[in-house]
Amino acid sequence: MALHVPKAPGVPQMLKDGARMLTGLDEAVFSNINACKQFAQSVRSAYGPNGMNKMIINHIEKQFVTSDAGTIIRELDVEHPAAKLMVLASQMQDSEVGDGTNFVIVFCGALLEAAEELLTLGLKPSEIADGYERALDKCVELLPELVCHEIKDYKNVDAVVTGIKPAIMSKQYGNEDFIAQLVAKACIAILPEKTTFNVDNVRICKILGAGLQQSEVLSGMVFKREVEGDVTSASKAKIAVYSCPIDITQTETKGTVLIKTADELLNFSRGEESLLEKQIKDIADAGVKVVVAGAKFGDMALHFLNKYGVMAVRLNSKFDLRRLAKTVNATVLPRLTTPTAEEQGYCDSVRVDEVGDTRVVAFVMNASESRISTVVIRGSTDNYMDDIERAIDDGVNTFKAITRDGRFLPGAGATEIELAQKLLQYADTLPGLEQYAVRKVAVALESIPRALADNSGANATEVINNLYKAHKDGKQTYGYDIDSDSGEVCDAKLKGVLDAFLLKHWGIKYAVGVATTILKVNQIIMAKRAGGPKPKQPAGSDDES
């Protein structure tokens with residue numbers, strides 16, 4: 001007879017077999033803090049211009065070599081529930097500002113590390129959380145006073161470059177001037193007069209070969225494809241865009257045709273051909289020089305398109321088809337009909353170019369303002385070009401942040417040290433136990449310049465001391481000079497090292513929000529994992545899908 005082992009009384013008794021429950025400081029709070037600390041530690045070494053790269057091979061064996069925290073955490077399938085909260089905060093920062101993902105994780109990890117010390121001293125998690133929230137309110141109140149630069153004219157390339165350059169510098173140190181110029185040109189070319197700036201309107205086309213300095217910006221779109229027919233260029237072209245195949249239309253119903261004579265057999269296929277020729281002739285007569293389709297071109301249709309001198313381009317992605325329609329101001333037609341004047345698009349020049357040994361189709365708009373611009377990236381390896389793409393993406397997102405709020409704070413750890421100094425003074429005015437937590441937030445803010453110094457190979461303690469000394473003398477904009485060998489400080493504003501106001505504002509908010517949420521967890525109850533394969537994730541609207 002099998003021995004019956006009774007379950008422990010309490011909550012475990014109510015749960016199914018295999019469920020786990022962790023309670024109290026040691027099991028729940030400290031284990032959560034520990035996991036988050038380890039996670040922040042691994043990402044911390046990738047922070048700043050001198051940050052190290054990580055090599056990640058994801059679940060489908062795709063390889064990434066990057067120091068971009070957003071990509072690292074997106075490709076790592078983090079399981080731990082507390083570390084997952086940090087990932088979510090970082091992703092929120094990515095969607096809100098588009099940069100500063102690493103800042104959120106490093107700062108949040110430092111806050112939790114500081115909380116661990118306070119917990120061992122005997123403070124309650126709720127008291128620490130309250131202190132953190134007080135410190136957050138004070139930081140948000142102090143940030144506007146630290147603004148040192150503002151961009152008011154978004155159409156001025158030089159002004160925009162000063163704001164975009166620091167964001168790109170953290171990913172591509174050494175190439176920031178060239179990439180910032182590319183991004184500024186691409187963004188300003190498509191900045192609309194009335195509506196908001198759309199990040200999706202800056203496209204990137206990566207072509208292997210040559211070097212980064214051969215990259216360029218085009219007004220319009222570039223596709224790594226060949227044309228279907230014989231016509232390879234068209235200027236001042238009217239464009240018709242179809243989402244259907246350009247071929248003899250298949251009928252919906254099946255039918256049987258009875259043919260009695262040889263003439264009838266000849267006329268039967270000729271009827272279909274003449275109908276297709278009439279359709280294509282009508283399209284050509286409407287002034288259309290380029291036909292773009294989202295499906296295949298039939299051989300017979302290509303023959304007639306060549307005969308009437310119409311260029312044929314096929315795009316496999318429905319997203320690219322929509323974007324092109326938006327670029328040339330055309331309507332995507334679902335059936336092979338003659339487009340009206342309103343449904344036709346216009347493009348200054350459509351041509352086949354050879355970039356390196358890759359043939360591309362370029363839709364170029366010569367107008368001063370186009371709807372979409374494309375950055376053509378050149379590089380020696382795919383991984384390198386992927387990293388450049390991420391740097392450009394950060395630059396474009398920073399431009400969007402500039403259009404919403406053009407204020408900038410000094411970078412290089414200057415803002416963090418100034419806030420830390422003010423928080424230490426503020427902590428002295430608080431009577432309760434919260435003052436200890438507020439002091440620890442000041443210590444946690446030091447982790448940002450500390451990470452910059454560590455990754456640059458300088459003595460972090462010496463750097464922090466030098467920064468505090470400069471800020472005590474009223475030099476608010478002084479930050480760590482990453483070019484110096486001996487941990488010297490420099491004026492971040494003069495050096496052009498600036499951080500967007502929104503980046504710091506939201507980054508501090510999200511980091512403190514996650515730290516307080518994790519501290520307030522005192523029980524973890526995990527149900528038994530359901531068997532079978534994982535549920536399928538909803539498909540994202542990615543270009544490749």
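Author: This is a predicted model. Start with strand 2 and strand 3, which form a hairpin with five residues between them.
Reader: Which residue in the turn has a positive phi?
Author: E61 does, at about 65°.
Reader: How many bridges join strand 2 and strand 3?
Author: Four bridges. Strand 2 covers residues 54-57, and its pairing with strand 3 is antiparallel. As one example, I57 has Q63 of strand 3 as its bridge partner.
Reader: Which residues of strand 3 are on the covered face, and which on the uncovered one?
Author: In strand 3 (residues 63-66), F64 and T66 make up the covered face. Q63 and V65 make up the uncovered face.
Reader: How many bridges link strand 14 and strand 17?
Author: Three bridges, with strand 14 spanning residues 407-410. Within that stretch, L409 is opposite D499 of strand 17.
Reader: On to helices. At what angle do helix 4 and helix 18 pack?
Author: About 160°, with the axes 10 Å apart. Helix 4 is residues 81-96 and helix 18 is residues 501-519. That angle makes helix 4 roughly antiparallel to helix 18.
Reader: Is the crossing left-handed or right-handed?
Author: Right-handed, as helix 4 passes helix 18.
Reader: Which residues make the contact?
Author: From helix 4: A82, L85, M86, A89, M92, Q93 and E96. From helix 18: L503, W506, G507, Y510, V514, T517 and I518.
Reader: How many of them are nonpolar, polar or charged?
Author: In the contact of helix 4 with helix 18, ten are nonpolar, three polar and one charged.
Reader: Last one, helix 11. How many of its residues are buried?
Author: Eight of eleven, so to speak mostly covered, across residues 318-328. The buried ones are F319, D320, L321, R323, L324, A325, T327 and V328.
Reader: What follows helix 11?
Author: N329 does, and its phi is positive, near 65°.

Terms used: Residues numbered from 1 in each chain as written. Predicted model: local features only at pLDDT ≥ 70, side-chain atom pairs only at ≥ 80, totals over all residues. Heavy atoms only, no water. Axes fitted to C-alpha atoms, helices over the stretch in contact; angles between N-to-C directions. Helix = DSSP H or I, 4+ residues; strand = E, 2+ residues; numbered from the N terminus. Parallel < 35°, antiparallel > 145°, perpendicular 65-115°, else oblique. Left-handed = near helix turned anticlockwise from the far one by under 90°. Contact = heavy atoms within 4.5 Å. Nonpolar A, V, L, I, M, F, W, Y, C, P; charged D, E, K, R; others polar. Buried < 20%, exposed > 50% of the residue type's maximum accessible area, 1.4 Å probe, protein only. Pairing = 2+ DSSP bridges.
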